[in-house]
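Please keep the structure open beside the text.

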Amino acid sequence: MKRILPLFLVAALVLGLSACNQEPSVKIGVVDEAAAFKDNKLATEAMAHLQEMGKPLQAKAEAAYKAMQAEQTEENVAAYKLAMGELQNTMTAEQQRVVGLVDAKFNEVLDNYRKEKGLTLILSRQAIISSSESVDITKDIVAAMDKVQVDFTRPEAPQAETPAPEAATAPAEEPAKTAPEGGEATK
């Protein structure tokens, strides 16, 4: 049932587009998203960037692990946990950022290809049970992704601005004084 529903939806979409546009045929492209997304030069560059960025963090975590194994003190355990947390948090955030950059370019390539080739729609191979090889555009998309350039350099973290000292416009209030036991507090 799961496979039939998407097929009916695609068939209805194709028939609906044909009827609405009064076109004798709809031009469709089919792409293997998984292959096109990972089997290109841009994806290779993204992986290399992540590996290079992770090297010093991994070395730091490994050194902390070795120190903890040599002498399991509270400080060594804490240092190891800190190094592993930094490695995991930094790499997870960077991976999400890089995948987002590649995904945006991938979608841009698909949209440009669709417009250039006059395709009505591009479908994912994963959503199709069967199709002719003549509509498979995966190799074209991989070739287009090979031409895409992305700068994976992490943007600099914004520097915390030091607030300028404010000029005093009114005299500051004195804090309330506490009275000795049994007496009253004064201001």
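## Ground rules

Axes here are lines fitted to C-alpha atoms, for helices over the stretch in contact, and angles run from 0 to 180 degrees between N-to-C directions. Helices (H or I, at least four residues) and strands (E, at least two) are DSSP runs, numbered from the N terminus.

This is a predicted model, in which local features need pLDDT of at least 70 and side-chain atom pairs count only at pLDDT 80 or more, while totals for chains, interfaces and linings use all residues. Residues are numbered from 1 along each chain as its sequence is written, and side-chain values use heavy atoms, with hydrogens and water left out.

## The chain as a whole

The chain has five helices and two strands, and its pattern along the sequence reads α-β-α-α-α-β-α. Of its 187 residues, 24% count as buried; buried means under 20% relative accessible area, exposed over 50%, and partly exposed in between (1.4 Å probe, protein chains only).

Contact means heavy atoms within 4.5 Å. Among contacts between residues at least 6 apart in sequence, 78% join residues at least 24 apart.

## H4 against H5

How do the axes of H4 and H5 cross? The axes of H4 and helix H5 (residues 138–146) come within 10 Å and cross at roughly 125 degrees. That makes H4 oblique to H5: angles under 35 degrees count as roughly parallel, over 145 as roughly antiparallel, 65 to 115 as roughly perpendicular and the rest as oblique.

On the H4 side, the contact is made by Val 102, Lys 105, Phe 106, Val 109, Leu 110 and Tyr 113, and H5 brings Asp 140, Ile 141, Ala 144 and Met 145. By class, this contact has eight nonpolar, no polar and two charged residues. Ala, Val, Leu, Ile, Met, Phe, Trp, Tyr, Cys and Pro count as nonpolar, Asp, Glu, Lys and Arg as charged, and the others, Gly among them, as polar.

## H3 against H4

The axes of H3 and H4 come within 8 Å and cross at roughly 175 degrees, so H3 is roughly antiparallel to H4. Their contact has 19 nonpolar, six polar and five charged residues.

Thr 92 has its place in helix H4 and is partly exposed at 41% relative accessibility. Thr 92 and Leu 50 are 42 residues apart in sequence, and their C-alpha atoms are 9.9 Å apart in space.

## Two aromatic pairs

A search of the whole structure finds two aromatic pairs. Rings of Phe, Tyr and Trp (its six-membered ring) pair if their centres lie within 6.5 Å; planes under 30 degrees apart count as stacked, over 60 as edge-to-face and the rest as tilted. The rings of Phe 37 and Phe 106 have centres 5.4 Å apart and planes at 85 degrees, so this pair is edge-to-face. Because Phe 37 lies in helix H2 (residues 33–38) and Phe 106 in helix H4 (residues 74–117), the pair ties together parts that are 69 residues apart in sequence. Phe 37 is partly exposed at 25% relative accessible area, whereas Phe 106 is buried at 2%.

Tyr 65 and Tyr 80 form a tilted pair, 5.5 Å centre to centre with 55 degrees between the planes. Tyr 65 sits in helix H3 (residues 41–70) and Tyr 80 in helix H4, 15 residues apart. Tyr 65 is partly exposed at 40% relative accessible area, and Tyr 80 is partly exposed at 21%.
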